[in-house]
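Work through the exercises below with the structure in view, and try each task before reading its solution.

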Amino acid sequence: MGTTIDCCATQLIDADGSFNVTGLDNFIKTSKMASSDLSYVTVAIMGPQSSGKSTLMNHLFGTKFKEMDAFRGRSQTTKGIWIAKCTGIEPCTIAMDLEGSDGSERGEDDTAFEKQSALFALAASDIVLINMWCHDIGREQAANKPLLRTVFQAMMHLCLFSPQKTTLLFVIRDKSKTPLEKLESILRADIQKIWDAVPKPHNHVHTPLSDFFNVEVTALSNYELEEDKFKEEVAQLQQRFIHSIAPGGLAGDRRGVVPASAFSISAQHIWKVIRENKDLDLPAHKVMVATVRCEEIAYEKHSQLRSDKGWLELKKAVHLGPVQGFGKKLSSIIDTYLSLYDKETMFFDEAVRNAKRKQFQSNVLDTVHPAYKTMIGHLHSKGLKDFKTTLDGSLGNGEEFASSVHYWTRYIMLDFDKGSTDASVRQTNWDASKVRDELHKDINSHISSVHIAKLEKEKARKEDRIWFLALNMISLAILGAPSPSN
């Protein structure tokens, strides 16, 4: 499913309500939307069927949504919900074209899908354009009134959990000679009446419309009769969407923005909840999105670390023997990937990203800990070997046993401490004291064995001396005894 108009225009939700996951992921990739972080804005348009919504979006944002063929009359052109990346507008602006309301094609299903798509647009968009006919303003049976009731009811549904702030930009089409100020006054009065009549939760009964919506109004000439004037007015309107998220911009006080890299996950979940007719708890939704994305980012960074060239070289080197500067090198590698995680998760829910960072760091340390153990093991082996060599050398040179043992034990243990400090990893509290104790124990064991050997050698020497003296005395006695003939 999900026909694509071009590389930056995709059917997000089809006429049957199926969500085009593959299409959206491809759209985000080709439009480079994911790199925008929070510097992006989503603009949706609602309005009666065949009111020129797609035409307006195409002229306003340089998109290529399918437009109605004037010669074929009023009929449904946009089916479902389409998205496209706007051209020539900063920050990154995503346009969302919704299926028209009050169409005859859906019949009884029209209201249900209209409410669902309106709720989706409000939950996923920063700015919502309400496309309406000029001749409907002030009329009791105006085509836009059911749509407005739907929009306000949808907003109340969202605000059961958390206040939202969305900009509603009413675009009056085919304006008459009536001054815009007069049209706007009548329109705002109509909007207020509809707002007052919408059922509200107890805690929002007296909440003013301005707490939930920034209402803006503009008017455009007839596209077919005054095309040049229409294009000029649209060009002026387009300027209002440049830097729209800056303070004072159309979406300058928006709330609860989802980072662009999580837009797909967020949109999928919003639509799923809406289709299942469940309560859309946006704060909980925000936590869910943060959880999924932070886990994905952590997994991605962990995978990158495991294949990092510097890490692989360090692991290979320490397998062969001690590595000078081991701790500093490993700490730097770990820092690199923790920083990458922090950078890519910085706009997600703080509690979630911190919890997932802690788990990510734990997983990374589990990966590198064997290399650290190997390094400390090398220090132990080297220390014991060096002690044996130096002690044997000292004793061989005739140095006193006790002083040699004391000197070289202290020297080797200090050398181990220096090496373990050099191998320490900044992000951990790993302790080499157990290996240090083992080294000290092994040194003492060697001292004991050398001492015993020394004592046995001394004992043997003394015994040899005694036998020598005894034999000498026997020899002298034999030589000094009288001859038997005497």
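**Exercise 1.** Find the loop in which Pro-91 is placed, and say what kind of peptide bond joins Glu-90 and Pro-91.

*Solution.* Begin with the strands on either side: in this predicted model, Pro-91 sits in the loop between β4 (81–85) and β5 (92–98). Then look at the bond that joins Glu-90 to Pro-91, which is a cis peptide bond with omega of about 0°.

**Exercise 2.** In the loop between α1 and β3, take Lys-32 and Asp-37, and decide for each whether the residue counts as buried, partly exposed or exposed.

*Solution.* Start with the backbone: Lys-32, which is not a glycine, has a positive phi near 60°, and Asp-37, also not a glycine, has a positive phi of about 55°. Next, apply the cut-offs, by which buried means under 20% relative accessible area and exposed means over 50%, with partly exposed in between. The relative accessibility of Lys-32 is 60%, so Lys-32 counts as exposed. For Asp-37 the value is 32%, and Asp-37 therefore counts as partly exposed.

**Exercise 3.** Work out how the directions of α10 and α11 are related, and describe the residues through which these helices meet.

*Solution.* First take the geometry: helix α10 (residues 326–345) packs with helix α11 (residues 350–396) at an angle of about 160°, and their axes are 11 Å apart. Angles over 145 degrees count as roughly antiparallel, and α10 and α11 are therefore roughly antiparallel to each other. The crossing in which α10 passes α11 is right-handed. Now turn to the contact itself, where the residues from α10 include Phe-326, Leu-330 and Ile-334, while those from α11 include Phe-360, Val-364 and Leu-365. Sorted by type, the residues of this contact comprise 13 nonpolar, two polar and four charged.

**Exercise 4.** Which residues have the most contacts inside the largest nonpolar core, and which element gives the largest share of this core?

*Solution.* The largest nonpolar core has 105 residues, and those with the most contacts inside it are Phe-120, Phe-152, Phe-170, Phe-213 and Phe-326. The largest share of this core comes from α11, with 13 residues. Apart from this core lies another, of 25 residues, including Phe-61, Trp-82, Ala-84 and Phe-230.

Terms used
Residues are numbered from 1 along each chain as its sequence is written. This is a predicted model: local features need pLDDT of at least 70, side-chain atom pairs count only at pLDDT 80 or more; totals for chains, interfaces and linings use all residues. Side-chain values use heavy atoms; hydrogens and water are left out. Axes are lines fitted to C-alpha atoms, for helices over the stretch in contact, and angles run from 0 to 180 degrees between N-to-C directions. Helices (H or I, at least four residues) and strands (E, at least two) are DSSP runs, numbered from the N terminus. Angles under 35 degrees count as roughly parallel, over 145 as roughly antiparallel, 65 to 115 as roughly perpendicular and the rest as oblique. A crossing is left-handed if the near helix is turned anticlockwise from the far one by less than a right angle, and right-handed if clockwise. Contact means heavy atoms within 4.5 Å. Ala, Val, Leu, Ile, Met, Phe, Trp, Tyr, Cys and Pro count as nonpolar, Asp, Glu, Lys and Arg as charged, and the others, Gly among them, as polar. A nonpolar core is a set of buried Ala, Val, Leu, Ile, Met, Phe, Trp, Tyr and Cys residues joined through side-chain atoms within 4.5 Å. Buried means under 20% relative accessible area, exposed over 50%, partly exposed in between (1.4 Å probe, protein chains only).
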